[in-house]
Amino acid sequence: MTMNDRINQILASLDELQVQHEQDIEDLRVRMLGKKGEVTKLFEDFRTILPEQKKEFGQKLNALKNTVQEKIDALHDSINEGEDAAVPSFDLTKPGDKMDLGGRHPISITREEIISIFKKFGYSVAEGPEIEDDWHVFGALNFPPEHPARDMQDTFFIEPDGPDPVLLRTHTSSVQVRTMEKMDLPVRVICPGRVFRNEAISARAHCIFHQVEGLYIDKNVSFADLKQAILLFAKEMFGEGTQIRMRPSYFPFTEPSAEVDVSCNICKGKGCNICKGTGWLEILGCGMVDPNVLEASGIDSKVYSGFAFGMGIERIAMLKWQVKDLRHYFENDVRFLKEFDTVI
Ligand code: PHE
């Protein structure tokens with residue numbers, strides 16, 4: 001076979017060549033360019049050809065060597081590309097995306113704080129149903145039959161007709177009634193929970209909100225005990241320097257009744273736009289449990305007396321964090337909720 005034929009044969013074999021593994025390429029390199037390789041042999045034979053053919057074959061041989069080398073490089077590249085495609089395109093060594101951790105809702109934070117304060121005073125927690133009957137929300141609490149709170153405009157009724165209508169509780173005083181019915185005396189409970197009132201939604205009112213109500217019944221419980229309990233709570237909740245004042249008020253289920261204000265913790269009583277210049281902020285309603293209420297639950301009002309109080313959690317949270325619009329609590333806008341991430 002002439003040198004020309006051998007060169008052409010090698011070129012043709014390169015065209016047909018197919019490889020699957022790195023090892024096939026290495027075999028090709030050895031077969032062509034190795035010590036005993038075909039191209040190496042051609043270079044050895046080149047020494048023996050006629051001087052006038054040297055120029056022509058010299059060029060052909062160099063071109064062949066380059067072609068073989070290029071083929072080997074190209075085969076390397078194609079195999080590596082194939083491997084790349086099999087490798088997942090994500091980089092496992094990259095740091096992960098930051099996950100947003102949820103925070104606690106300000107209403108939950110406030111509720112837990114109120115509960116833990118009263119637990120320190122020896123109160124236990126009682127819960128009851130949100131769907132209630134008229135007796136536990138109104139009747140047992142001394143609401144007269146024509147009281148406006150019983151009106152459709154204030155209360156969401158589920159079954160408005162019949163002797164004991166079914167409704168969504170408007171306050172958690174219903175849980176206090178249930179507690180008085182079944183618990184042995186003395187009683188010292190707080191009743192946190194969701195309540196419902198048929199009110200237009202605005203910055204200051206919502207048809208759903210949360211309350212914590214409290215009840216203490218024992219022998220010889222006096223108004224002074226009530227005042228002391230509320231004062232201690234206010235100091236724990238709003239700071240040691242907090243003062244309270246009581247204003248006479250009216251609730252069907254307490255007599256006497258009072259509304260309690262705390263000294264404004266923002267202006268320290270000087271008067272600001274949060275306390276509307278008065279230096280005081282209203283936080284809760286309270287009073288001595290009306291003897292009619294005790295008797296309705298089978299408690300002898302000649303032997304026992306008690307006090308009750310009730311507060312809106314939204315209101316307490318608004319005063320604590322100066323939230324100006326009640327609707328923020330229900331909209332779950334993360335920009336609002338994030339403000340409380342660091343509050344435990
Ligand atoms: N139940 C009253 C309310 O919902 C609050 C309250 C409770 C007032 C106990 C006095 C005593 O507004």
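1. Before anything else, "contact" here means heavy atoms within 4.5 Å. With that in hand, look at I114: leaving aside neighbours within four places in sequence, I114 is in contact with V212, F233, M237, M311, I313 and I316.

2. A word on what you're looking at: this is a predicted model, where local features need pLDDT of at least 70 and side-chain atom pairs count only at pLDDT 80 or more, while totals for chains, interfaces and linings use all residues. Residues are numbered from 1 along each chain as its sequence is written, and side-chain values use heavy atoms, with hydrogens and water left out.

3. Start with the overall layout. The protein chain is assigned domain 1 (3–86) and domain 2 (106–340), with bounds that come from an automatic or database domain assignment. Between the C-alpha centres of domain 1 and domain 2 there are 93 Å.

4. A nonpolar core is a set of buried Ala, Val, Leu, Ile, Met, Phe, Trp, Tyr and Cys residues joined through side-chain atoms within 4.5 Å; buried means under 20% relative accessible area, exposed over 50%, and partly exposed in between (1.4 Å probe, protein chains only). The largest such core has 45 residues, and I114, I283, F307, F309 and M311 have the most contacts inside it. Elements that each supply at least two residues of this core include α5 (106–120), β6 (208–218), α8 (223–238) and β10 (305–312). It's α8 that gives the most, with seven residues. A second, separate core has 21 residues, among them F143, V175, C191 and V289.

5. Helices (H or I, at least four residues) and strands (E, at least two) are DSSP runs, numbered from the N terminus. In α10, have a look at I313, E314, I316, A317, M318 and L319, which are buried. Their cover includes α5, β6, α8, β9, β10 and α11 (328–331). After α10 comes Q322, with a positive phi near 55°.

6. Is C275 buried or exposed? C275 counts as buried because its relative accessible area is 3%. You'll find C275 in the loop between β8 and β9. Apart from neighbours within four places in sequence, C275 is in contact with C264, C267, W280 and L281.

7. Compare that with R31, which sits in helix α2 (residues 22–33). R31 counts as partly exposed because its relative accessibility is 41%. Not counting residues up to four places away in sequence, R31 touches L17, G37 and E38.

8. On a 1 Å grid over the protein atoms alone, a cavity is a set of points where a 1.4 Å probe fits but cannot get out, and a pocket is an open set with protein on both sides within 12 Å along at least five of seven lines; lining residues have an atom within 4 Å of a point. The structure holds one cavity of 30 Å³ or more. The largest cavity has about 40 Å³ of space, and its lining includes L141, Q176, F253 and V289. The second largest pocket has a volume of about 150 Å³, and among its lining residues are D100, R104, H105 and K338. For both, grid points are joined across faces, edges and corners, and a volume is the space filled by probe spheres set on the points.
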